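I opened my notebook to look up the salt bridges in this structure. Here is what I wrote down as I went.

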Amino acid sequence: MAAPAPTAPPLTAQPPPATQPATQPAMQPAMQPATQPQVVQPVVVVEQPTLWSSLTSYFARMDSIFRPVSDAVSELQRIRKSLNLPNLGSVERMQNEVKAVQTTNFMFEGARADLTKALNLNPIFQVTHAFTLGAAGKNTYNFGAVYGDENRFYQAGLDDAGNVTMRLNTRWTPGQISKIQAQLAPAGGQTFVQLEHDLMGADYSANIKALNPSPANATGIYVANYLQTLTPTFALGAEAVYQRPSPEIEEASIGYMAKWIGKQNDWIATAQWQPQGVGQLTYWQKLSEQVDVAGDLQMIMMQQRRDAQASLAARYSFRTASLRAQLDSVGKLSSVYEARISPAFAFTFSGEIDHLQGDAKFGLGVSIESGAEPIDPTQPPPIPPSVPM
């Protein structure tokens, strides 16, 4: 029996030989570059403008524009102060001297009696009862009361027809006076209110007023005037009038006026012109301590009408009486005589004759005053306060 062939040993999977890491060549030290300085980038912070900074920047830019104007105004103020110009009055009182001589504001017709009771002299506080008997049967009665001191003046009246009038003046500062005038009338009468403010400067005067102003629709009559002294004896002014009787109707105009006075204040001349074609010239002169005269010329130069009227008046002032006489171009001769018999009693006589119309008017009035204390005729009367008028 043949011997069996030798059996090969079984193949056993041999693990792969461990991979030997490749030998890395030794690293040579690298050349380090030269150290460069670090550049710091600036951080830009954008600041949002605030309201204050915006206003400051705006006014800084405007300063270069308004600075020359402000300097010019300051220079003009300095020049005005150096001239030492006087205040020649206001537009409202430009013709006070002429009106004091004329008889127009003192004329009345019929009989008149004024009874005045002075309750106090400083401040002023008095009540008045005024009776009028008209030539045409127009008899009226009016009760009035007055109170005033250095800074206030109040006046009120009530007549037999039911009309109530009032007047309030207040002096805020030596050159600022506010005024209110009003009238309340029954049905069919004329009711109005007027607001006014006066500003008096060293060499100028200004006035603004509103008649029946309505804040709802801006209706009413609004007036503003200004009078500036240019030389010690000359002043020039202007007056603007805006009328709006209804929202659909409005009208505006500007008038001009001038005033001259003598160096000794012994004469005054005024001139006024309205754009409607109405002009007026007045002249007043003091001839002596007792006599002064006044002249007035009014002209209407419109396309539809051209007319003129002149008047000449004189006043004689005595110790206890005064006589006014006036003659105008339409043939009217008028005269008013006032005499004070005693400190508590005075009478007035007025008369007017119209030669062209053949008409005449006469009036006689008496005035009786009584005080809170007996009046000594040998002593000068007490000085009342200077109320704001």
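**Salt bridges, pair by pair**

I began with arginine 315, which forms a salt bridge with aspartate 292; their closest N and O atoms are 2.7 Å apart. I then checked where the two sit: arginine 315 is in strand β15 (residues 306-317) and aspartate 292 is in strand β14 (residues 291-301), so the pair links distant parts of the chain, 23 residues apart. Both arginine 315 and aspartate 292 are buried. I noted for myself that this is a predicted model.

Next I turned to lysine 209. I found a salt bridge from lysine 209 to glutamate 196, with 3.9 Å between the closest N and O atoms. This pair also links distant parts of the chain: lysine 209 belongs to strand β8 (residues 204-211), glutamate 196 to strand β7 (residues 192-200), and they are 13 residues apart.

Are these two buried or exposed? Lysine 209 has a relative accessible area of 18%, and it counts as buried because the cut-off is under 20%. Glutamate 196 has 10% relative accessibility, so glutamate 196 is buried by that cut-off too. I also saw that Glu92, Glu196 and Lys209 are linked in a network of salt bridges.

My last pair was lysine 286 with glutamate 289, a salt bridge whose closest N and O atoms are 3.7 Å apart. Lysine 286 is partly exposed, at 37% relative accessibility. Glutamate 289 has a relative accessible area of 64%, and it counts as exposed because exposed means over 50%.

How many salt bridges are there by this rule? I wrote down a count of 11.

Methods
Residues are numbered from 1 along each chain as its sequence is written. This is a predicted model: local features need pLDDT of at least 70, side-chain atom pairs count only at pLDDT 80 or more; totals for chains, interfaces and linings use all residues. Side-chain values use heavy atoms; hydrogens and water are left out. A salt bridge is a side-chain nitrogen of Lys or Arg within 4 Å of a carboxyl oxygen of Asp or Glu. Helices (H or I, at least four residues) and strands (E, at least two) are DSSP runs, numbered from the N terminus. Buried means under 20% relative accessible area, exposed over 50%, partly exposed in between (1.4 Å probe, protein chains only).
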